[in-house]
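Hi there,

Here is the structure I promised to pass on.

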Amino acid sequence: MGAHWYESSIDRQMREATERGDFENLPGAGKPLDGHGEEYDEDWWVKDWLRREGATAGVIPPTLALRRAVEDLETVVGRLHTERDVRELVAGLNAKIDKSRRGYLDGPPVILRPLDPDAVVESWRSRRD
């Protein structure tokens with residue numbers, strides 16, 4: 001008995017694409033793959049995704065995101081329109097700071113003092129005038 005040849009749907013799609021020339025003149029043709037010859041890194045796909053997408057938000061640990069939010073507080077508060085919005089923002093950050101200090105947020109330890117809502121509001125008012 002002779003061997004039977006079988007072409008899967010994937011193989012058929014690849015063959016047809018090759019016959020149409022879909023794989024000709026692609027960027028990187030004839031060049032080695034990125035990372036060729038380098039030591040294997042288990043997180044290569046994460047680093048590649050970050051490089052391609054330029055993503056940072058959402059991928060840093062919550063404690064570091066909190067630190068960034070406190071550092072950017074003046075800029076964010078400057079965009080708010082009411083004192084109530086400013087106080088709500090500060091209250092939310094203070095709740096996260098409390099969780100962080102108690103160890104309820106993932107990530108490296110970050111020591112932050114609770115924010116003084118009155119001081120933030122006063123600063124907001126002085127910049128608006």
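Below are my notes on one helix pair and on some salt bridges.

Please keep in mind that this is a predicted model.

Let me start with the helix pair. Helix H5 (residues 83-102) and helix H6 (residues 117-128) have axes that come within 10 Å and cross at roughly 140°. The two helices are therefore oblique to each other, and their crossing is right-handed. On the H5 side, the contact is made by Glu83, Val86, Arg87 and Val90, while H6 brings Pro117, Asp118, Val120, Val121, Trp124 and Arg125. Sorted by type, the residues of this contact are 6 nonpolar and 4 charged, with no polar ones.

Now to the charges: the structure holds 10 salt bridges. One of them pairs Arg127 with Glu74, with 3.8 Å between the closest N and O atoms. This pair links distant parts of the chain, since Arg127 sits in helix H6 and Glu74 in helix H4 (residues 73-78), 53 residues apart. Arg127 is partly exposed at 36% relative accessibility, whereas Glu74 is exposed at 53%.

Asp98 is partly exposed, at 35%, and Arg102 is exposed, at 56%. Elsewhere, salt bridges that share partners join Glu83, Arg87, Asp118 and Arg125 into one network.

Best wishes

Key: Residues numbered from 1 in each chain as written. Predicted model: local features only at pLDDT ≥ 70, side-chain atom pairs only at ≥ 80, totals over all residues. Heavy atoms only, no water. Axes fitted to C-alpha atoms, helices over the stretch in contact; angles between N-to-C directions. Helix = DSSP H or I, 4+ residues; strand = E, 2+ residues; numbered from the N terminus. Parallel < 35°, antiparallel > 145°, perpendicular 65-115°, else oblique. Left-handed = near helix turned anticlockwise from the far one by under 90°. Contact = heavy atoms within 4.5 Å. Nonpolar A, V, L, I, M, F, W, Y, C, P; charged D, E, K, R; others polar. Salt bridge = Lys/Arg side-chain N within 4 Å of Asp/Glu carboxyl O. Buried < 20%, exposed > 50% of the residue type's maximum accessible area, 1.4 Å probe, protein only.
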